[in-house]
Amino acid sequence: MKKLVVLLLMAAISFVIVANRQKSETTQKPHTMETLSFAESDSKDYENQSDGASVLKKLEELPVYEYETREILLQNKGQKIYGVAYIPKTGKEKVPLVISSHGLGGSWRSNAGYAEQMARHGIAVYCFDFRGGGGKDSEGRTTQMSVMTEVSDLETVLEAAKNWDFADAGKIILLGASQGGIVSAITAARHTQDVAGLILLYPAFMISDLIHEVYDSMSEVPKTFRLRQFLIGYPYVSDMWDYDVYGEIGNYRKKVLLLQGDQDVIVPMDYTKRASEVYCDADYYVIQGAGHGFGGSAFERADNYIFDYLQKIGAIS
């Protein structure tokens, strides 16, 4: 019965993957990758930490700029990584940069809503497809993809970004949603000097536990298997089998922003709450009424938390 429940949960995850992949292919401005329908709530969000929010500028008080987009292609392990940079026209030679990582089955378009908002307010954003992670513009097979191959991709982007002509190498921030969240957290922990900030949206810290709930040993893991229509492979399991995510992510000692919806049926809230306790300086907000993804008013609330955070860490003054 226990495994049946977990398999049903995995089916639910894949349903979200497929639905949002279809959505990203039919719209140019999706707010975020994993979006479930949910009832909006007027109840207040809660946080476990707060510092100086009253002195921060509201989003509508921040300067607004035009921005341009630029395709940037990279290589990792001999395969193409495709991405698009949103670059604000602030008149400054270099601006802070957010590197955006999508969730499983998403693409560089998945977090376009956040990218556009940030670019309008002076922050450059690079959105890219992970190799084999679901998007069609980068190379790689889904059956060879894992959390750790995506960490390698993000490390490639991070290293390249330090030399981009528009990016302030001292103000590079990672933003990750769902699986992109755990990928961003691991990367930040391994490159603390290069990452000025970390924004995690409903991060999928439960992947290792989920794998162990489904399989009792690595010998049970097939070469390939499906989460409904999404074909993944043995490396997805093997790379996370003995990995302790909470044992590593705390190596990142700078301020972190964690956001999750209280109606998230994919990532249990306990996983994000535990991460907020592992980090030495974390702002953790739960958005009432939001599921595994933020749309409508939940997107607006998340956006406000993100811009508050960017001010707190000095990316926006």
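Q: Why is tyrosine 243 called buried?
A: Buried means under 20% relative accessible area, while exposed means over 50% and partly exposed lies in between (1.4 Å probe, protein chains only). Tyrosine 243 has 16% relative accessibility, and it therefore counts as buried. This is a predicted model, in which local features need pLDDT of at least 70 and side-chain atom pairs count only at pLDDT 80 or more, whereas totals for chains, interfaces and linings use all residues. Residues are numbered from 1 along each chain as its sequence is written, and side-chain values use heavy atoms, with hydrogens and water left out.

Q: Where does tyrosine 243 lie, and what is it in contact with?
A: Tyrosine 243 sits in the loop between α6 (234-238) and α7 (245-249), where helices (H or I, at least four residues) and strands (E, at least two) are DSSP runs, numbered from the N terminus. If neighbours within four places in sequence are set aside, tyrosine 243 is in contact (heavy atoms within 4.5 Å) with Met148, Ile186, Arg190, Ser208 and Glu248. With serine 208, 35 residues apart in sequence, the C-alpha to C-alpha separation is 7.1 Å.

Q: What makes the packing of α3 and α4 oblique?
A: Helix α3 (residues 147-161) and helix α4 (residues 179-190) pack at an angle of about 60°, and their axes, which are lines fitted to C-alpha atoms over the stretch in contact, are 9 Å apart. Such angles run from 0 to 180 degrees between N-to-C directions; under 35 degrees they count as roughly parallel, over 145 as roughly antiparallel, 65 to 115 as roughly perpendicular, and the rest as oblique. The two helices, α3 and α4, are therefore oblique to each other.

Q: Which hand does this crossing have, and which residues meet in it?
A: The passage of α3 over α4 is a right-handed crossing, a term used if the near helix is turned clockwise from the far one by less than a right angle, with left-handed for anticlockwise. On the α3 side are Val147, Met148, Glu150, Val151, Leu154, Glu155 and Leu158, which meet Gln179, Ile182, Val183, Ser184, Ile186, Thr187 and Arg190 in α4. The residues of this contact divide into eight nonpolar, three polar and three charged, where Ala, Val, Leu, Ile, Met, Phe, Trp, Tyr, Cys and Pro count as nonpolar, Asp, Glu, Lys and Arg as charged, and the others, Gly among them, as polar.

Q: Why is α2 called oblique to α9?
A: The axes of helix α2 (residues 112-120) and α9 come within 11 Å and cross at roughly 45°, and that makes α2 oblique to α9. Here too the crossing, of α2 past α9, is right-handed. Gly113, Tyr114, Gln117 and Met118 in α2 meet Phe299, Ala302, Asp303, Ile306 and Phe307 in α9, and the residues of this contact comprise six nonpolar, two polar and one charged.

Q: Is lysine 77 buried or exposed?
A: With a relative accessible area of 65%, lysine 77 is exposed. Lysine 77 lies in the loop between β2 (67-76) and β3 (79-88), and has a positive phi of about 55° although it is not a glycine.

Q: What makes serine 178 count as buried?
A: Serine 178 has 7% relative accessibility and therefore counts as buried. It is found in the loop between β6 (167-177) and α4, and serine 178 likewise has a positive phi of about 55° although it is not a glycine.

Q: What makes a group of residues a nonpolar core, and how many residues has the largest one?
A: A nonpolar core is a set of buried Ala, Val, Leu, Ile, Met, Phe, Trp, Tyr and Cys residues joined through side-chain atoms within 4.5 Å. The largest has 67 residues, and those with the most contacts inside it are Ile99, Trp164, Phe205 and Tyr279. Helix α3 gives the most to this core, with eight residues. Another core, of 37 residues, lies apart from it and has Ala177, Ala298, Ile306 and Phe307 among its members.
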